[in-house]
Structures are given as structure tokens and as C-alpha cells.
Amino acid sequence: MNDVNGLNELLSLFFSADFSLQPVNVPALLLGLCLAFLAGLAISWTYMTTHAGLSYSRSFVNSLVVIPAIVTVVMQVLQNNLVTAFGLMAVFAIVRFRNVLRDTLDTSYILSVIAVGMACGTQRFSLAVIATLSVAAIMFFLWYTAYGTRHRYDLIVNLHWGRPAAELPYLLRVLERHSRAVYCATRRSDERQEGMDLSYRLLLRDPSRVEDLLTELRAVEGVSRLTSLQAQEESEL
């Protein structure tokens, strides 16, 4: 009998504490989560477009999308509560001390479970449920769409050009016949030898015709030491 009474008390606490929807303004919460998600998409797209360094990370781009939504949940949990804020700082300090997270997206998952745990601990159960579903939906969206992947070139071609630099446009015409975009990554010359070493990044019109391009390049007078490397999607280097 005592077990039944205890279960009834637990259920009444669960439903009366937060699912009355009075402590949490659900429409405002959902609006905030949607705006945070859209803002994260805008910022991450800007980062993808403007980033020009070598250490590009798709995981970091995904984190730019999901972290604003997580912070929205955290701010809902805190609600100007100083005690809860200090508790949040203590939990973050413990996680940081015990674990070294090398992946930015792993940090986002840790932030998510901390925020949901705090929502449950402060008896904001509807907030915890909405936050869990929202973060899970964002994570599945990022995974399913492979969001953050950049594909700017298919092939890296390295060669030695033994003819004068003024005749390089002939080589470029050969490359442009097979490519939608041609970018000269490096151009090196040596006083001890004639010509120059060139490295091109190519976005091919038809990636299945790589051998046709290489065959045509080998037939060009002045081209030697031709090598190629199939490029993968840009990732963390």
C-alpha cells in the first residue's frame, strides 16, 4: 500500500511541477529554439563561405548550428536563478577536469545532457522534454544532410612545365576543357633548371574522366613529372 501511495505522489509531483505549463512559456520556448537554430545556420553558412584556412572542420560547423539552441535551453533553466547558475558552473568545471574533449561536436552533446539534466533537476520537465526532442532533431538534421561538408575541388594535379611562362595559357585551356574551376595552388621555379613546378586544384566537369585529362596532359609538349591526387571532402587537418 505504501508503494502505491509513493507512486501516486511521484506521479502527482511529475505532472503538477511543470507540465501545468505555467513555469515554462512553451510557445516562447519553441520560438526561441527556432530562431536560435536559424541564427546558427546563418552564422555557420557565413563561416563556411568565408573560411580560407587549412584547418576546416565540419564538426565545428555543426557545433555553430546546435550550440545556440543549447544556450537557449540553458537560459530558460537559469531564469535569473543565481544558485542554478553556480551549479551550472560547477558541473562544467567537473566535466572539463575529468575529460579532454577533442571534438567540438562532443562538447555540444555534453552541453546538451547537462542542460537537460538541470531542467529535470529544477523540475522543469516539459522544458527537458522539448529540449531533448529539439536537440535530437537538430543533430539528426546535421547528420542526415551532411551539413558543413565543403567540396571545392576533385583533383590535385602536380606537373613540371618546361616551356616559357608566357605559354601557360595553352596548358590552362587543356585544364579548363575538363574542369569547371581551375585554381593554381603553388607555382615554384628553380634557377638550376628550366621551367617551373605547378600544382593545380581542379573541380572536374565529369569526375569519371580523370584518365582522359591525364592522357591529354601527358601529350602536351613541355609537361613532365605529372602526378595526380584524388581530393576528399574538406575536413579537419
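**Aromatic pairs and the rest**

Tutor: Let's start with the rings: the structure has 3 aromatic pairs, where rings of Phe, Tyr and Trp (its six-membered ring) pair if their centres lie within 6.5 Å, with planes under 30 degrees apart counted as stacked, over 60 as edge-to-face and the rest as tilted. One of them is F37 with F141, an edge-to-face pair at 5.7 Å centre to centre and 80° between the planes. Before going on: this is a predicted model, in which local features need pLDDT of at least 70 and side-chain atom pairs count only at pLDDT 80 or more, while totals for chains, interfaces and linings use all residues. Residues are numbered from 1 along each chain as its sequence is written, and side-chain values use heavy atoms, with hydrogens and water left out.

Student: Where do F37 and F141 lie?

Tutor: F37 is in helix α2 and F141 in helix α6, so the pair ties together parts that are 104 residues apart in sequence. Helices (H or I, at least four residues) and strands (E, at least two) are DSSP runs, numbered from the N terminus.

Student: OK, new topic. How many residues has the largest nonpolar core?

Tutor: The largest nonpolar core has 32 residues, and V65, V66, V73, L127, I138 and Y147 have the most contacts inside it. Such a core is a set of buried Ala, Val, Leu, Ile, Met, Phe, Trp, Tyr and Cys residues joined through side-chain atoms within 4.5 Å. At least two residues of this core come from each of α2 (26-50), α3 (58-78), α5 (104-121) and α6 (125-145).

Student: Which helix gives the most to this core?

Tutor: That is α3, with 9 residues.

Student: What is V73 in contact with?

Tutor: Leaving aside neighbours within four places in sequence, V73 is in contact with L33, A115, L127 and A131. Contact means heavy atoms within 4.5 Å. There is also a second, separate core of 20 residues, which includes V174, L214, L217 and L226.

Student: Back to α3. Where does α3 bend?

Tutor: The bend is at V66, by about 30°, and a proline, P68, follows within four residues. The bend at a residue is the angle between axes fitted to the seven residues ending there and the seven starting there.

Student: How does the span of α3 compare with what it should be?

Tutor: The end C-alpha atoms of α3 are 30 Å apart, which agrees with the 30 Å that its 21 residues should span at 1.5 Å a residue. The expected span is 1.5 Å times one less than the number of residues.

Student: Which residue just after α3 has a positive phi?

Tutor: Q79, at about 50°. Most residues other than glycine have a negative phi. A146 is not a glycine either way you look, yet has a positive phi of about 50°. A146 lies in the loop between α6 and β1 and is partly exposed, at a relative accessible area of 30%.

Student: What about R225?

Tutor: R225 also has a positive phi of about 50° although it is not a glycine. R225 lies in strand β4 (residues 223-230) and counts as exposed, at 51% relative accessibility.

Student: Which residue forms a salt bridge with R225?

Tutor: D197, with the closest N and O atoms 3.0 Å apart. The pair links distant parts of the chain, as D197 is in strand β3 (residues 196-204) and R225 in strand β4, 28 residues apart. A salt bridge is a side-chain nitrogen of Lys or Arg within 4 Å of a carboxyl oxygen of Asp or Glu.

Student: How many salt bridges does the structure hold?

Tutor: It holds 4. Among them is R177 with E216, where the closest N and O atoms are 2.2 Å apart. R177 is in helix α7 and E216 in helix α8 (residues 210-218), 39 residues apart.

Student: Last one: S179, buried or exposed?

Tutor: S179 is buried, with a relative accessible area of 2%. S179 is in strand β2 (residues 179-189) and, neighbours within four places in sequence aside, is in contact with L202, L203, L204 and R205.

Terms used. Buried means under 20% relative accessible area, exposed over 50%, partly exposed in between (1.4 Å probe, protein chains only).
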